[in-house]
Each structure stands twice: as structure tokens, then as C-alpha cells.
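Student: Hi! Could you walk me through this one while we both have it open?

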Amino acid sequence: MQQLLWFEVFLKAAAGLTLLIAPLTAISIAGVHRPESGFWPRLVGGVVLGIATAVYVTLSFPEARGGLGPAGLIPINLAAAAAMIAPLIMGTAAPSRRGKAFILVNALLLLTLAFLEIAHI
């Protein structure tokens, strides 16, 4: 289970830092709708980085009362996957095939992580 959580820390930290440092560039490369400013992507990056940090605290300091474990990650991953899948179904996810594929791959990755975490609880 710890390997799965470390993998989740790595993925979320990479995505969060990317969105914090270069939000508009990351969005353009991914092929999804580009907002007028980087405020919302940067905000999402901060939240995702915060989640990665909480899981890191849980893994590094198991005696601490803070952090976020697998039971907390399951609803986060399922909600994020649902938020990605709904626009795909409605046809409003992204303007390009590359963007739609990017969203689909990420949604499937989140679903996979959630189901693996459910299996290990």
C-alpha cells in the first residue's frame, strides 16, 4: 500500500508543481481549453500539491495526527475522475483530440488509483 501512496505523491506533486509554475503552458501542451489567465489552473495546482504534501506527511510521519491516507484519497480521486469524464461524455472536454485523450488517460489513471486503494483498505 505504501508504494501506491508514494506513486500518488509523485504524480500529484508533479502535476501540482507544473500547474503552479507554468499553468498556461501546461494547458496548451495538454491540448485542453486555455483560460484567459493562469489563476484557476494555478489554484488547482496548489490544491493538488497540498494533497500530495498531506499524503507525504502521512507516509513520512505515521505517528502524526495530520495527513491524508488512502481512505481520504478514494473520494478525491473518484470526484476528480467524474469531473473529467462528465465533460468527455457531454462533448465539451477539450477542443482537440489530444486534449480529449489527455483527459481520458488522466481520468482512467485516477479511477485505477481509487480502485487499487479500495482493494487495499
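**Pocket, cores and a few residues**

Tutor: A lining of 33 residues surrounds the largest pocket, and those nearest its centre are L19, V44, M84, F102 and N106. Bear in mind that this is a predicted model.

Student: Thanks. What volume does the largest pocket have?
Tutor: The largest pocket comes to about 1,200 Å³.

Student: And which elements give two or more residues to its lining?
Tutor: Those are α1 (2–21), α2 (23–30), α3 (39–60), α4 (70–90) and α5 (97–120).

Student: Which one gives the most to the lining of the largest pocket?
Tutor: That would be α4, with seven residues.

Student: What does the lining of the largest pocket look like by class?
Tutor: The lining has 27 nonpolar residues, five polar ones and one charged.

Student: You named F102 among the residues nearest the pocket centre. Where is the place of F102?
Tutor: F102 sits in helix α5. Its relative accessible area is 42%, so F102 counts as partly exposed, a class that runs between the 20% and 50% cut-offs.

Student: New topic, N77. Is it buried or exposed?
Tutor: N77 is buried, because its relative accessibility is 1% and the cut-off for buried is under 20%. Its place is in helix α4.

Student: Which side chains does a polar contact join to that of N77?
Tutor: K12 is one of them, at 2.9 Å. E117 also has a side-chain polar contact with N77, at 3.3 Å.

Student: And what is N77 in contact with, again leaving aside neighbours within four places?
Tutor: The list for N77 is E8, K12, L110, L113, A114 and E117.

Student: Let's follow K12, then. Where does K12 lie, and is it buried or exposed?
Tutor: K12 lies in helix α1. With a relative accessible area of 11%, K12 falls under the 20% cut-off and is therefore buried.

Student: Which residues is K12 in contact with, leaving aside neighbours within four places in sequence?
Tutor: K12 is in contact with V48, L49, I51, A52, L73, N77 and L110.

Student: What about L73, what is it in contact with beyond four places in sequence?
Tutor: L73 is in contact with core members L5, I51, V55 and L68, and also with E8, K12 and E117. Apart from this core lies another, of six residues, including I27, V32, A93 and A94.

Student: Last one, A26. Where is it found, and is it buried or exposed?
Tutor: A26 is found in helix α2. Its relative accessible area is 19%, so A26 is buried by the under 20% cut-off.

Student: Which residues does A26 touch, not counting those up to four places away in sequence?
Tutor: A26 touches T18 and L19. As for K12, A26 is 14 residues from it in sequence and 14 Å from it in space, C-alpha to C-alpha.

Conventions: Residues numbered from 1 in each chain as written. Predicted model: local features only at pLDDT ≥ 70, side-chain atom pairs only at ≥ 80, totals over all residues. Heavy atoms only, no water. 1 Å grid on protein atoms, 1.4 Å probe; cavity = no way out; pocket = protein on both sides within 12 Å on 5 of 7 lines; lining within 4 Å. Points joined across faces, edges and corners; volume = space filled by probe spheres on them. Helix = DSSP H or I, 4+ residues; strand = E, 2+ residues; numbered from the N terminus. Nonpolar A, V, L, I, M, F, W, Y, C, P; charged D, E, K, R; others polar. Buried < 20%, exposed > 50% of the residue type's maximum accessible area, 1.4 Å probe, protein only. Polar contact = N/O pair within 3.5 Å; in protein donor to acceptor, adjacent residues only side chain to side chain. Contact = heavy atoms within 4.5 Å. Core = buried A, V, L, I, M, F, W, Y, C linked by side-chain atoms within 4.5 Å.
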